[in-house]
Structures are given as C-alpha cells and as structure tokens.
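Please look over the structure below. The report after it covers a side chain, the ligand site, the strands and some backbone details.

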Amino acid sequence: MEKKKFYLTTPIYYPSAEFHIGHCYTTIIADSIARYKRLSGFDVFFQTGTDEHGQKIERKAMDAGVSPKEYVDKIILNAKDLWKSLGISYDYFIRTSDEDHKKRVQEIFKKMYDSGDIYKSEYKGLYCTPCESFWTEAQLVDGKCPDCGRDVEEAHEEAYFFKLSKYQKKLEEFYEANPNFLLPLSRKNEMINNFIKPGLDDLCVSRTSFTWGIPVSFDEKHVVYVWVDALSNYITSLGYPEESEMFKKFWPADLHLVGKEIVRFHAIIWPAMLMSLGIELPKCVFGHGWLIIDGGKISKSVGNYKDPREYINEYGVDAVRYFALREVPFGNDGNFSEDALIARTNADLVNNLGNLVNRTIAMVNKYFDGIVSNPGVKEDVDDALVVYANELKKLVDNKMNSYKVNEALEDIFELLKRANKYIDETTPWILAKDETKKDRLASVLYNLLESIRIASVLLRAFIPSTSDKIFNMLNTSKIDFESLSFGNLETEIKLNESEILFNRIEK
Ligand code: MSP
C-alpha cells in the first residue's frame, strides 16, 4: 500500500543576523512533527530555508561592506551547522536566491499578471523596512509599525498591485468551509474579524527602490515584493509551475508552521495567491506563540540572546529540544530562561527518565546478570502501568494530529511517572530477598523495561539521540511504531552497559 504523504514547512528565515533560540523553537517543533509523521508511517517532506531578498538585507550587507549574497552565504552556512547540532531532519533547504526559485517566482508573477490579478499603478504609503510590510495610517500603533514598534517610512512609487480585494469574499467562504485551516482557533477569529471582514486592500507587490530581489520578468526595474517571493517558496521547491512529480505528490502542504506575527501573510495573502493561480490551498496553517525573554520577544535587533549552540554545549541537545517542545503550551507565548531550562531538565529528564532507566537496568544487572525474561507473573498493581502503556500510542497520536506537542510529551512522561511509582509499589529489592518471588521479580522488571521501551519509541520524535541510547542499553530492535504494544520487548537477551543519560545540572 502506498504511504500517505505529509508535507510540512517552517517559515523561511531572514538571514539578516545569526539565528537565535526563537528560530530554533519553530524549527525544533517542526522537526518533531516531521519525525513523528515518519515514525507513524507517512512519507514526509520537511522543508526549511532562508528568505534572502529585500532592502533590509541589502542595507546590512552594505554596512558590512560585502555583497548581499556574500553576506547571507556566511549566515546560512552557520544556520545549517546550527540545524545539524540540533538534529533537524529537514529534507530540503530552500534559498530564495536559488536560480530555479527565482525563475519560478517570475513565472508565478507573470501568471497572475496575465490573468489580470496583478496590475500596474502607483503606490503611496508607509513602509516598515525591518518587517518588509506596508501599513496604512490606521494600522500604525502610536505612529509606529504595529509588529515591531519601529519607525515607518513614506514610500511613493510606480508599482504593481495584486487584487487582494477581489478575494475577500472567497476567503470568507473558504474559512467558513474549512474551520481547521488556521489554528489555534483564536488566531482564526482574529484574522477574520480584524483583517478579512473589515475589507482587504489591493496589495503592492513590486518595488523599485532597491535591487536585491527578483526582477519582474517583463518590467525589470521592478523587483518582486519579498513576501510574494518568500511565500512562493512552498511551491517553487516542488517545481511549480512546472508539472513535476514532487508537486503532484506533495502539494497541498499539510502544515505551514509559522510564528503568530506572520500568520496574516499565510492566512490571507498566500491563500489569495493560490486562488489566483488556481491551485489548492494548504490544509493547515498553525500560528505558534513566541519565546520571550524577560517579557520581550527575543530579537536579533534587540540582541538579547546567546548563540543557541552555547546551550547545546552546556546542557545537551535533547535538553534544549525537550525544553522547546515541552515548556510552552503550543500556540501560547512562553518564557525562555536558563533557570527554566535547568528546572525542566532536572525534573523531567534527570529524575523521571534518566533515573528510571538507570535504576531499572541496575536491578536487571544485579538480580539477573542483565538477562531479560518475562515469566508473566501478574498482579493487580500492574494494570495501571500496562493498560496505560497500551493506550499511549493512541493518546499521543490524537495530540500530535492536532499539533498539541507539549501535551503529547506530557502523556509520554505520564507513563514514566507511573513506572517510577510502580517501583515504589512493587519494591523489587524486597522481592529479591525471597527466592520464591524470583519470577514475580523478573516480571516486574520486564514491565519496567517494557514501559521504558514504549516511551522511548515515542520519544524518538522529540529527543531522538536519547531514545537511541536507551535502545542500545536495552539491546532491542523493537523501535518502530508497530512495536507499540506491551510485551514486544525481546526476552533472553542481555542488556548492554548502562550509561548516564542526563546529569543533574547544578547552577
Ligand atoms: N522571512 C519571514 C518568513 C517568510 S515565510 C514565507 C520571517 N522571518 S523571521 O526570520 O523574521 O522569522 C521566522 C520565524 O521565526 C517566524 O515564524 C517567527 O515567529 C519565528 N521567531 C522569531 N523569533 C521568535 C521567538 N522569539 N519565538 C518564537 N518564534 C520566533 O518572518
């Protein structure tokens, strides 16, 4: 049977400065969803990349005395290294400076022009360069950009416009018919009530005031507006507008994961562009919240952040991944601090997971020379563990299908908590004193190992290198989704040497 496909994307990041923990946040979550989908049997295409054009980057490069391309190349090299150290399993990294992307964007622009959805006129308005966004007077907050709070500039020039207004009604109907297109639901209400319903203005989609961008093929003094260029990445990477196998297979995207401040582009402009092109809309846009530091957004321009690799080197990659995935209810804003990261690591990874694994393996070594067996001596106390372990796959699958990543992790850690409690309830060290209880002791330890294995299979999506270490210690090959029912752990095999998974962090 052919596998079901799943196409998910992160936003393509501006390589205007080195990436920070906020970019890691989006990317780690996307990676875990991609890994989870692969684990649960999907044919996944996971894409990330960089959004390189625009005046802001042109100016930064000028300040640094290099060409824009040289400027971004260096940052991208570093970003790829960062993704590697975080274990990001992307299938494709798109750069908007790629030649085939540029050519395809020109074709997309021309298609919309030919169909009459793009027309030439004059632009007068207010422009926020850091955000690459146009605003009307009414949208400003205290005269500043409503997204970043910085100054806006008056712009006045000949420009091409996209007939966004034409799509207002269609967008309303689309939202009506697809209630789960934009998640969480609070963001959907905001988009519909604050943006779509009050009316959509046509959108200025070309600029003449700078050159670092994709020229409009039929009028070369114009460059394509960066958001049209950037949003198109989701289809140009698949070969669109060419008739490609990749496009046929993977479009429409199943999930665009984006931060809340760019929901507007993905929930209004992008769908309208796709309607104009006559192709299907993505199945879901999820607008997540921000990681904040001391109440403010982590920002390249504010500079309130460390290189994320410092955290990885200090605490380990899975501590950083786990924190990003677990700490903040997905969709909300959440605070990032090293203290919070340390507390999370100590409580969950050191205590619940690490200690459980090391204690259990130590007991199997001590009482059975490391040999696993399952004589099947049951007692009532086992039920709370075994029944829950068998249900876990379904619980996690439900949570992941609605992108409640932190709740999926909570459910997995509930199994580990129960396993820890089970040790206290069954007191293996007392069973070990009584020769007649040997089979019961072996059964108890088997139940513990099996709970650890089941949790670790699911944890592969979130903290993969820790799962690998555990599988190695358990000496098991039962690590896939199909193995997720209780009793699959091999018997009569010897466990491998145990290693410490996480050291307690002392501040
Ligand atoms: N280039 C555009 C996206 C184009 S997508 C077609 C862009 N780039 S960005 O680099 O500014 O931001 C990219 C993503 O990183 C956004 O989704 C944004 O929300 C996310 N984050 C940046 N800082 C963040 C935090 N502090 N916390 C969480 N996510 C943050 O916008």
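## Ser206 and its surroundings

The side chains of Ser206 and His222 make a polar contact at 2.9 Å; a polar contact is a pair of N or O atoms within 3.5 Å, where within protein one must be able to donate a hydrogen and the other to accept it, and residues adjacent in sequence count only if both atoms are side-chain atoms. This is a predicted model, in which local features need pLDDT of at least 70 and side-chain atom pairs count only at pLDDT 80 or more, while totals for chains, interfaces and linings use all residues. Residues are numbered from 1 along each chain as its sequence is written, and side-chain values use heavy atoms, with hydrogens and water left out.

A polar atom of the Ser206 side chain also lies 2.9 Å from the backbone nitrogen of Tyr160. Ser206 is found in strand 9 (residues 206-207); helices (H or I, at least four residues) and strands (E, at least two) are DSSP runs, numbered from the N terminus. Ser206 has a relative accessible area of 0% and is therefore buried. Buried means under 20% relative accessible area, exposed over 50%, and partly exposed in between (1.4 Å probe, protein chains only). Leaving aside residues up to four places away in sequence, Ser206 touches Glu157, Ala159, Tyr160, Val216, His222, Val223 and Tyr225, where contact means heavy atoms within 4.5 Å.

## The ligand site

There are 27 residues around the ligand, and Ile12, Asp51, Gly259, Glu261 and Leu291 come nearest; a residue counts as near if one of its heavy atoms lies within 4 Å.

| Residue and atom | Ligand atom | Distance |
|---|---|---|
| Tyr14, polar backbone atom | oxygen | 3.1 Å |
| Asp51, polar side-chain atom | nitrogen | 2.7 Å |
| Gly259, backbone N or O atom | oxygen | 2.8 Å |

Taken alone, the ligand exposes 670 Å², and the protein buries 96% of that; accessible areas come from the Shrake-Rupley method with a 1.4 Å probe. Two or more residues of the shell come from each of helix 1 (21-39), helix 7 (226-231), helix 8 (233-236) and strand 12 (255-259). Helix 1 gives the largest share, four residues. By type, the shell holds 14 nonpolar, nine polar and four charged residues. Here Ala, Val, Leu, Ile, Met, Phe, Trp, Tyr, Cys and Pro count as nonpolar, Asp, Glu, Lys and Arg as charged, and the others, Gly among them, as polar.

## Strands

Strand 2 (residues 43-50) is largely enclosed by the rest of the structure, because seven of its eight residues are buried. Strand 1 (residues 5-9) pairs with strand 2 in the parallel sense over five bridges; two strands pair if DSSP finds at least two bridges between them. Phe6 has Val44 in strand 2 as its bridge partner.

An open sheet of three strands has the order 15-14-16, with mixed pairing. Strand 15 (296-297) and strand 16 (334-335) each have a single partner strand, so one side of each is left without a neighbour in the sheet. Strand 14 (residues 291-293) and strand 15 run antiparallel and are joined by two bridges.

## Backbone details

The peptide bond between Tyr240 and Pro241 is cis, with omega about 5 degrees, and Pro241 is in the loop between helix 8 and helix 9 (245-250). Another cis peptide bond runs from Trp251 to Pro252, with omega near 0 degrees. Asn475, in the segment after helix 18 (464-474), has a positive phi near 55 degrees and is partly exposed at 35% relative accessibility.
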